[in-house]
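Subject: Structure handover

Hello,

The structure you asked for is below. My notes on it follow.

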Amino acid sequence: MLFIIPTFEQNKGQTVSIDWEIIAGFCIVNREDYDNQILSTFAKQMEQYMASFFHQPEGLVEVGAIGTQGEEEPCKIIISLLSLERESKQGMSVTTASGHFVTISSPPIHANLNVLIAAVFSDKRYREELSFLSQALTFMQITSSLAVGGNKYTIELLSPTLQDQSNIWTQFGGKYYPSVVCKIRRLTFDAGEVQRGAIEVSGNQNNVGQV
């Protein structure tokens, strides 16, 4: 992550305010793009695998929030993001000065996705619901990694406690569906690889542009 801040002569006692929320916005946009791309690829590959065992025109797997599909269950596997956690081991930011520019260089942010995979079916299709989840689980057991955009991400099945499961389903409205939780490891959010922000300081106004 790289930000280049032009320096300039200023009167004694004058301070310059930099809108760091704009800079953070770059990271948020990049994070959402990564999340969507990786979960969509995960769902597509699971769909292709499960198509060998099940057939239904409306599809078998989709990415979405559980409980937002309407009154009727979609009768398919729903992949939903539970949380995003940052890796604890990170490098340090480095600030260097060159001429009239100060460069702030930060290491990429490595993060993991905690993902819920649930078979969301109506009560009368409970046995089919369990069959879908069984095949989804098999897919994750034989698919230990995921390639997206030239990068490789690992898939790790988790074993949440009963209390963790209770908290998860309370978050999604209280109704339980058969499910498993997995972790997709080492996504890298590096704004410098996608977009470099340059802050042009002019008086009290800060404009963000491309370099």
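Predicted model: local features only at pLDDT ≥ 70, side-chain atom pairs only at ≥ 80, totals over all residues.

Overall figures

The protein has 211 residues, and buried residues make up 37% of them. Its secondary structure consists of 4 helices and 11 strands. Of the contacts with a separation of 6 or more, 72% are between residues 24 or more positions apart. The accessible surface comes to about 12,400 Å², and carbon and sulfur atoms contribute 50% of that.

Two cysteines

Cys-75 lies in the loop between S2 and S3. Cys-75 counts as buried because its relative accessibility is 9%, under the 20% limit. Its phi is positive, about 60 degrees, although Cys-75 is not a glycine. Most residues other than glycine have a negative phi. Cys-182 is buried as well, with a relative accessible area of 0%.

Glu-73

The loop between strand S2 (61-63) and strand S3 (76-86) also contains Glu-73. Is Glu-73 buried or exposed? At 18% relative accessibility, Glu-73 falls under the 20% limit and therefore counts as buried. Which side chains does the side chain of Glu-73 meet in polar contacts? One is that of Lys-175, at 2.7 Å, and another is that of Tyr-177, at 3.1 Å. Once neighbours within four places in sequence are set aside, Glu-73 is in contact with Val-120, Phe-121, Ser-122, Lys-175 and Tyr-177.

The S7-S8 hairpin

Strand S7 covers residues 145-148 and strand S8 covers residues 151-158; they pair in the antiparallel sense over 4 bridges. Within this pairing, Leu-146 stands opposite Tyr-153 in S8. The two strands form a hairpin with 2 residues between them. Gly-149, in the turn, has a positive phi of about 60 degrees.

In a regular strand the side chains alternate between the two faces of the sheet. In S7, Leu-146 and Val-148 make up the covered face, while Ser-145 and Ala-147 make up the uncovered one.

Gln-171

Helix H3 spans residues 162-171 and includes Gln-171. Gln-171 is exposed because its relative accessible area is 51%, over the 50% limit. Between Gln-171 and Leu-82 the distance is 9.4 Å, C-alpha to C-alpha, and in sequence the two are 89 residues apart.

Regards

Key:
Residues numbered from 1 in each chain as written. Heavy atoms only, no water. Pairing = 2+ DSSP bridges. Buried < 20%, exposed > 50% of the residue type's maximum accessible area, 1.4 Å probe, protein only. Polar contact = N/O pair within 3.5 Å; in protein donor to acceptor, adjacent residues only side chain to side chain. Contact = heavy atoms within 4.5 Å. Areas by Shrake-Rupley, 256 points an atom, 1.4 Å probe, with all protein chains shown as cover.
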